Amino acid sequence: MAEKTAALTVENQGSAATAGEQSLATRDETRYLAPPVDIYETEDALVVVADLPGVNKDSIDIRVEDSILTIKGRADYSAPANILRGEFTLQGYYRQFQLTDDVDQSKISAESKNGVLTIRLPKAEKSRPRQIKVKLG
């Protein structure tokens, strides 16, 4: 499983800019952090553990499209009304990984607990090791 990086884009609305006009934004202005992850392998799965502090399970978006696993998350924070000095901002989280054919994409599962996201990527039957018994002939 290799890391995959793709730019987040928004749809262009309107036609291309002509001379003297400003061009339309082609990138999402939201900033994202790459959450730290651990990836380990068990006998029957790959497991991705991502640190997403402040992100509840309803604010996590996990997708698999064209064999790319995408993790997006948004931390929830409401500032008090009377801020005297504001330096604290929360960034969203965004990370992508290229999946191989060894992963059974239809059986991927995820769990979030205390800001730690665990994604289980089961191995496809064909990629699991198996022992061949020798028969007495």
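## A charged pair across the chain

Glu41 is exposed, with a relative accessible area of 55%. This value, like every other one here, comes from a predicted model. Glu41 forms a salt bridge with Lys123. The closest N and O atoms of the two side chains are 2.6 Å apart. The pair links distant parts of the chain. Glu41 sits in strand β3, while Lys123 lies in the segment after β9. The two are 82 residues apart.

Is Lys123 buried or exposed? Lys123 counts as buried, because its relative accessibility is 11% and the cut-off for buried is under 20%.

Strands of a sheet pair through backbone hydrogen bonds, either parallel or antiparallel. Here β3 pairs with β4, residues 45-51, in the antiparallel sense. Five bridges join these two strands. Within the pair, Ile39 stands opposite Val48 of β4.

How many salt bridges does the model hold? The count comes to six. Side chains of opposite charge can pair when their charged atoms come close. Besides the link between Lys123 and Glu41, two further examples follow.

Lys57 forms a salt bridge with Asp58, and their closest N and O atoms are 3.5 Å apart. Lys57 is exposed, at 61% relative accessibility. Asp58 is exposed as well, with a relative accessible area of 66%.

Arg63 and Asp61 also meet through their side chains in a salt bridge. The N to O distance is 2.9 Å. Asp61 is partly exposed, with a relative accessible area of 25%.

## Two loop residues with positive phi

Ser67 is not a glycine, yet it has a positive phi of about 65°. Where does Ser67 lie? Ser67 is in the loop between β5, residues 60-65, and β6, residues 68-74. Ser67 is partly exposed, with a relative accessible area of 22%.

Asn114 is not a glycine either, and its phi is positive at about 55°. Asn114 lies in the loop between β8, residues 109-113, and β9, residues 116-122. Asn114 is exposed, with a relative accessible area of 73%.

Which residues make the nonpolar surface patch? Tyr77, Phe88 and Leu90 make it, and its area is about 310 Å².

Leu90 is found in the loop between β6 and β7, and β7 covers residues 92-98. Leu90 is partly exposed, with a relative accessible area of 33%.

How values were computed. Residues are numbered from 1 along each chain as its sequence is written. This is a predicted model: local features need pLDDT of at least 70, side-chain atom pairs count only at pLDDT 80 or more; totals for chains, interfaces and linings use all residues. Side-chain values use heavy atoms; hydrogens and water are left out. Helices (H or I, at least four residues) and strands (E, at least two) are DSSP runs, numbered from the N terminus. Buried means under 20% relative accessible area, exposed over 50%, partly exposed in between (1.4 Å probe, protein chains only). Two strands pair if DSSP finds at least two bridges between them. A salt bridge is a side-chain nitrogen of Lys or Arg within 4 Å of a carboxyl oxygen of Asp or Glu. Patches are made of residues with over 30% relative accessible area and no salt bridge: like charges are joined within 9 Å, nonpolar side chains (Val, Leu, Ile, Met, Phe, Trp, Tyr) within 5 Å. Accessible areas come from the Shrake-Rupley method with a 1.4 Å probe; for residues, only the protein chains shown count as cover.
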